[in-house]
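Thank you all for coming.

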Amino acid sequence: MQGQPGLVQCPPPNVVVPMGLPAGLAYLASLDEIKVHQILELAEVLIGWERNNKYDICNGADQKFMFAKEDTDCCTRQFCGVMRPFVMNVTDNNQQTLMTLHRPFRCQGSIFWCCCLQEMEIQSPPGVIQGKVKEIWTCCVPKYKVYDAQNHCVFTIVGDCCYCKCCTDVLFKVFEGDSENMEEGQIIKHWGGCRELFGGANDFSIKFPANMDLMKKVLLFGATFLIDFNYFEYRGNQ
């Protein structure tokens, strides 16, 4: 159901959310695609002043059903840039918190890079760990493992060897489990045109089977933000 154009007000009927998860995640259970649209921050583009990232989370028809906002203090944003630790709060359209994403500080681009791989924790509801995303060291391609609360590997994510393409989309393939045999979904970084050329904002699509387990969808959604910060976040103040 929809209360106003482009805004989903409530989940579809007959969707059961697993015990312990926020009821607001019900809408996610029926989707086969999530779109993540970063909101353009002119201060970053014009003067390089790093601000908390904000994202509209939409279904395949671009109807917003969640909102994500970073919560990081000013000094950390300016001095740590894209390497900064952060907490990302994800809320529904009624401003009820559904999940939080916690990324600790890890160095990037140093001679010890293979010892400082990036990771992120996914909590839903806040305070209850549902899984983690961990970067895997490789020579040339981006690679991640996604783990559930029992530390079982549920996804392996593998990106293109050239992820800084211009004027084209960048594909990250999502494979089931700990191998790269069965593709189960995709994370697509879309080319953003002029606003991307000026370092403004990024857009992603996350595609998966509609009948995928709800918690797996939550984990895959969370992994997208770590990929964004690692490869595509604006570096104007670096």
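Before I point at anything, one definition: by a nonpolar core I mean a set of buried Ala, Val, Leu, Ile, Met, Phe, Trp, Tyr and Cys residues joined through side-chain atoms within 4.5 Å, where buried stands for under 20% relative accessible area. Please also keep in mind that this is a predicted model, and that the values I quote are computed from it.

With that in hand, let me give the overall account. The protein has four helices and 14 strands, and of its 238 residues, 49% are buried. If we take the contacts in the protein with a separation of 6 or more, 45% of them are between residues 24 or more positions apart.

Now to the core itself. The largest nonpolar core has 49 residues, and those with the most contacts inside it are I34, V36, I57, I157, I187, F221 and F225. Which helix gives this core its largest share? That is helix α4, residues 214-232, from which 13 residues of the core come.

Let me stay with α4 for a while. This helix has 19 residues and spans 27 Å from its first C-alpha to its last, close to the 27 Å expected at 1.5 Å a residue. As 18 of its 19 residues are buried, α4 is largely enclosed by the rest of the structure. At its N-terminal end the helix is capped by D213, one of whose side-chain oxygens lies 3.0 Å from the backbone nitrogen of M215.

Leaving aside neighbours within four places in sequence, L219 is in contact with several residues, among them I122, V133, V146, Y147 and V154. Its C-alpha is also 10.0 Å from that of L101, a residue 118 positions apart from it along the chain.

Next comes T224, again in α4, and at 1% relative accessibility T224 counts as buried. What does T224 touch, if residues up to four places away in sequence are not counted? The answer is I187, F204 and I206, while the side chain of T224 reaches the backbone oxygen of L220 at 3.2 Å.

Strand β3, residues 33-38, is mostly covered, with five of its six residues buried. On one hand, β3 runs antiparallel to strand β14, residues 203-207, to which five bridges join it, and there I34 has I206 as its bridge partner. On the other hand, β3 pairs with strand β4, residues 54-58, over four bridges, also in the antiparallel sense, and in that pairing the partner of H37 is D56.

C139 is in none, and the nearest cysteine sulfur, that of C140, is 6.3 Å away. C139 counts as exposed at 72% relative accessibility, whereas C153 counts as buried at 19%, a value to be read against the 20% cut-off.

Finally, a few points about the backbone. Most residues other than glycine have a negative phi, and most peptide bonds are trans. Against that background, S124 and P125 are joined by a cis peptide bond, with omega about -10 degrees, and P125 sits in the loop between β8 and β9. Q95, in the loop between β6 and β7, has a positive phi near 65 degrees and counts as exposed at 69% relative accessibility. N151, in the loop between β10 and β11, likewise has a positive phi, of about 65 degrees, and counts as exposed at 52%.

I will stop there and take questions.

Definitions and conventions. Residues numbered from 1 in each chain as written. Predicted model: local features only at pLDDT ≥ 70, side-chain atom pairs only at ≥ 80, totals over all residues. Heavy atoms only, no water. Buried < 20%, exposed > 50% of the residue type's maximum accessible area, 1.4 Å probe, protein only. Helix = DSSP H or I, 4+ residues; strand = E, 2+ residues; numbered from the N terminus. Pairing = 2+ DSSP bridges. Contact = heavy atoms within 4.5 Å. Disulfide = S-S within 2.5 Å. Expected span 1.5 Å × (residues − 1). Polar contact = N/O pair within 3.5 Å; in protein donor to acceptor, adjacent residues only side chain to side chain.
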